[in-house]
Amino acid sequence: MSLPVHDVEDSIRAAIRPESGRLLLKAPTGSGKSTTVPGMVADEIGGRVLVVQPRRMAARLLAEFVARQRGTQLGHGVGYAVRFDTRYRADTEIIYLTDGILQRWLLDDPELKGIRAVIFDEFHERRLASDLALGRILDLQEESRPDLRVVVMSATLEVGDLKGYLSPCETMEAGGRLFPVEISHRSTAPTGRQIANRREEVWDHVAKVVRQEAPALGAGDRILVFLPGVYEIRKCESLLQTQLSGWQVKPLYSALSPAAQQEAIRKDDSQRIILSTNVAETSVTIDGVKLVIDSGLARQSQYDASRGFDSLRVVKISQAAAAQRAGRAGRTSAGKCVRLWSESDHRARSEFELPEIRRVDLAEATLFLKRLGVLDISEFRWLDQPEPARKLEAEELLRNLEALDQEGRLSEDGWEMTRWPMHPRLARLLLAGITHGCVAEVAFVAASVQGEGVFKRGGKGNKWVDFIEDPREEGLDFAGEWNALAAAQRARFNPRDCNALGVLARGARECWQSFDQIIKLLGKRRIQTESVNFARNAEAVARALLDAFGDRLAVRRDQGSAVCHVLGDRKGKLDPKSTVRKAPLFLATEITEVEGRERAVILSRCAEIREEWLQGCEEQSGVVFDEIQRRVVSVRQRTYRGLVLEEKRGGEVDPDLAAGLLAERIVQGELALKNWDSKVERWIARLQFLSQAMPELELPGF
């Protein structure tokens with residue numbers, strides 16, 4: 001089959017010969033770049049080629065397609081490597097892999113021995129892992145591997161800055177094989193509009209468009225619907241199956257089994273509606289798409305301060321992403337695209353996606369670079385430099401986790417943390433679990449905090465305290481969360497049964513899958529795990545959590561109040577369903593801001609901590625001004641990293657300290673020299689003395 005990239009095949013081959021070595025190729029949807037260029041490169045250089053994909057599903061499906069195309073068995077001539085799943089041999093010529101896997105390979109083999117070329121596909125998505133890997137490989141090419149070939153391919157990227165970054169490089173553009181696509185905008189219903197006594201949701205809007213457009217389509221035609229996530233896909237699937245006959249409805253997203261993914265994109269004469277996340281934007285070939293319905297939304301990784309690492313949030317897609325989605329309807333014939341947002345909304349959207357480096361946590365990237373020997377990450381070969389504040393924040397967290405020493409060098413624990421494919425905080429938690437003898441329990445915690453949780457958000461139903469089954473589990477929210485997950489697993493994650501339990505079936509299923517993956521990873525490292533038993537290991541789990549979340553320590557000031565003081569001079573309210581409601585000292589793995597009548601900071605997923613576990617507590621004494629009694633009082637405090645653990649007031653007051661405190665408050669305008677309580681008059685003379693000795697204080701009234 002002749003594809004647009006074949007028109008520039010000679011130029012592509014010339015660009016990767018020894019005298020060159022770098023190629024920037026811009027080629028739109030339908031050009032054949034993902035399926036054809038890797039074969040061209042492999043045939044030209046005669047060695048192993050890595051093809052970097054942003055998503056696991058694309059890597060797997062492309063490998064299967066190209067293996068058939070080249071007449072080889074999957075895993076032999078063409079293979080893939082994604083998290084927890086690999087299909088390749090020592091002599092496999094082309095390997096499709098995710099950027100995260102490439103990062104791991106660069107740590108294990110910094111020279112990439114045996115690799116002749118690395119192709120970065122769909123680079124316009126600007127994943128942080130791809131940015132890091134590309135920068136490292138360019139350095140490698142210049143320093144010790146001049147024979148290594150680098151190809152960067154993109155469908156919609158602005159190539160100006162990238163061309164300068166890759167320089168010297170060859171730049172070329174291939175045409176697309178797109179048929180005309182008619183685009184229309186149908187904005188969703190205004191907020192508050194009711195349909196059958198409920199607000200109209202995105203699946204309602206999709207169903208309406210499908211009912212209007214489906215009658216005009218024929219045998220073998222496909223409708224591709226882009227939705228932000230699995231929840232919306234399931235709701236839409238349920239609705240369409242009840243309203244439409246004669247059409248197959250198939251979901252398509254990364255967490256599906258390979259067989260289910262193949263079923264969704266299978267080519268036959270059936271009429272099919274494919275409900276997909278943004279995995280179908282690029283790389284994945286779906287034949288017969290005549291209509292695209294685009295919600296204009298996607299779940300995007302962004303830094304979540306409440307968890308301390310990245311979380312998926314629903315955001316509006318860019319204009320470039322919308323163009324990619326619309327192009328799926330013009331691959332084999334003329335098509336249509338219905339966008340569920342207005343034209344004015346479209347014009348207001350950003351032109352391109354914001355690079356991940358501008359919106360995600362940098363701790364994991366920093367640890368990766370430190371492992372590669374980069375002492376100051378600002379000196380790394382960045383395409384976009386990280387913001388200084390984010391860089392300092394990441395390094396401070398790594399020091400708290402004991403991954404870095406005070407000079408910023410990788411510690412022994414930090415080196416070990418780089419071996420785990422997860423956020424450094426969670427890698428530290430696993431190491432602490434090994435030390436304290438609670439590996440299975442912390443594996444569950446690591447799985448739990450990465451997801452949306454097993455309980456319904458915003459509801460008043462069951463939560464941690466309601467699932468405590470043993471008194472020894474008191475003071476550890478994750479014990480209740482595990483018991484809730486176990487109940488959902490026994491119910492086979494049936495939504496109706498889980499709802500009766502107060503459990504979110506989708507969140508529970510995803511948590512169970514993540515937990516299973518971590519247990520398998522531990523097994524590959526030959527780390528033994530017993531069955532989860534929070535009652536037996538509650539103290540060990542709390543101590544492990546302190547190692548990983550020690551910067552989330554909190555103190556209850558008053559047993560009659562939910563208000564707490566958190567390390568870092570913050571305040572928050574303990575979730576009323578937490579199991580630590582009687583504990584004076586605890587840590588919160590999740591700190592969430594909730595908007596309502598007033599902004600509230602809620603502390604949840606907590607563990608009770610004992611003060612004797614803390615190292616570095618300090619005793620301090622001084623004076624404070626009591627606002628109620630309007631007098632200076634003596635105070636003694638026991639603190640940990642600035643957090644007051646215990647405070648006692650009363651006793652003899654040092655006159656000099658008292659006078660200095662009053663003077664400071666007067667200068668700051670917090671006190672006026674009038675209406676003094678008689679008990680502070682004895683320090684007026686001291687203030688007068690200070691005024692004469694230190695005129696720079698400029699005390700009013702003296």
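This text walks through a predicted model, from the whole chain down to single residues.

Start with the chain as a whole. It has 702 residues, of which 55% count as buried. Its secondary structure comprises 22 helices and 26 strands. The exposed surface comes to about 31800 Å². Carbon and sulfur atoms supply 46% of that area.

Next, confidence. The chain averages a pLDDT of 86, and 88% of the residues score at least 70. Strand β5, at residues 94-98, has the highest confidence, at 97. Strand β10, at residues 194-195, has the lowest, with a mean of 40. The stretch 189-198 stays under 50 in pLDDT. The model gives this stretch twelve contacts beyond four places in sequence. Where pLDDT is low, the predicted coordinates should not be read in detail.

Now turn to a helix pair. Two packed helices are described by the angle between their axes and the distance between the axes. Here the pair is α15, residues 424-436, and α20, residues 534-549. They pack at about 145 degrees, and their axes lie 8 Å apart. The crossing of α15 past α20 is right-handed. On the α15 side, the contact is made by Arg 425, Leu 426, Arg 428, Leu 429, Ala 432, Gly 433 and His 436. On the α20 side, Ala 540, Arg 543, Ala 544, Leu 545, Asp 547, Ala 548 and Phe 549 take part. By class, this contact of α15 with α20 holds eight nonpolar, two polar and four charged residues.

The backbone deserves a look too. Most residues other than glycine have a negative phi, and most peptide bonds are trans. The bond from Ser 167 to Pro 168 is cis, with omega near 0 degrees. Pro 168 sits in the loop between α6 (159-166) and β8 (170-173).

Glu 122 has a phi of about 50 degrees, and Arg 492 one of about 55 degrees. Both are loop residues, Glu 122 between β6 (115-120) and α5 (128-143), Arg 492 between α17 (477-490) and α18 (495-501). Their surroundings contrast. Glu 122 counts as buried because its relative accessible area is 2%, under the 20% limit. Arg 492 counts as exposed because its relative accessibility is 74%, over the 50% limit.

Helix α5 itself contains Asp 131. Is Asp 131 buried or exposed? Its relative accessibility is 5%, so Asp 131 counts as buried. Beyond its neighbours within four places in sequence, Asp 131 is in contact with Phe 123 and Arg 126.

Asp 10, in helix α1 (residues 9-15), is another aspartate to examine. At 63% relative accessibility, Asp 10 is exposed. Its C-alpha atom is 9.4 Å from that of Met 40, which is 30 residues away along the chain.

Finish at strand β14, residues 272-276, where Ile 273 is placed. Ile 273 has a relative accessibility of 0%, so Ile 273 counts as buried. Which residues does Ile 273 contact, leaving aside its neighbours within four places in sequence? They are Val 210, Ile 223, Val 225, Leu 240, Leu 244, Trp 247, Gln 248, Val 249 and Lys 250. One of them, Val 225, is 48 residues from Ile 273 along the chain, yet their C-alpha atoms are separated by 7.3 Å.

Thr 277 belongs to the loop between β14 and β15 (289-294). Thr 277 is also buried, at 10% relative accessibility. Leaving aside neighbours within four places in sequence, Thr 277 is in contact with Phe 226, Leu 227, Pro 228, Gly 229, Ile 233, Leu 252 and Tyr 253. Val 230 is 47 residues from Thr 277 in sequence, and the C-alpha atoms of the two are 7.5 Å apart in space.

Definitions and conventions:
Residues are numbered from 1 along each chain as its sequence is written. This is a predicted model: local features need pLDDT of at least 70, side-chain atom pairs count only at pLDDT 80 or more; totals for chains, interfaces and linings use all residues. Side-chain values use heavy atoms; hydrogens and water are left out. Axes are lines fitted to C-alpha atoms, for helices over the stretch in contact, and angles run from 0 to 180 degrees between N-to-C directions. Helices (H or I, at least four residues) and strands (E, at least two) are DSSP runs, numbered from the N terminus. A crossing is left-handed if the near helix is turned anticlockwise from the far one by less than a right angle, and right-handed if clockwise. Contact means heavy atoms within 4.5 Å. Ala, Val, Leu, Ile, Met, Phe, Trp, Tyr, Cys and Pro count as nonpolar, Asp, Glu, Lys and Arg as charged, and the others, Gly among them, as polar. pLDDT is the predictor's confidence in each residue, from 0 to 100. Buried means under 20% relative accessible area, exposed over 50%, partly exposed in between (1.4 Å probe, protein chains only). Accessible areas come from the Shrake-Rupley method with a 1.4 Å probe; for residues, only the protein chains shown count as cover.
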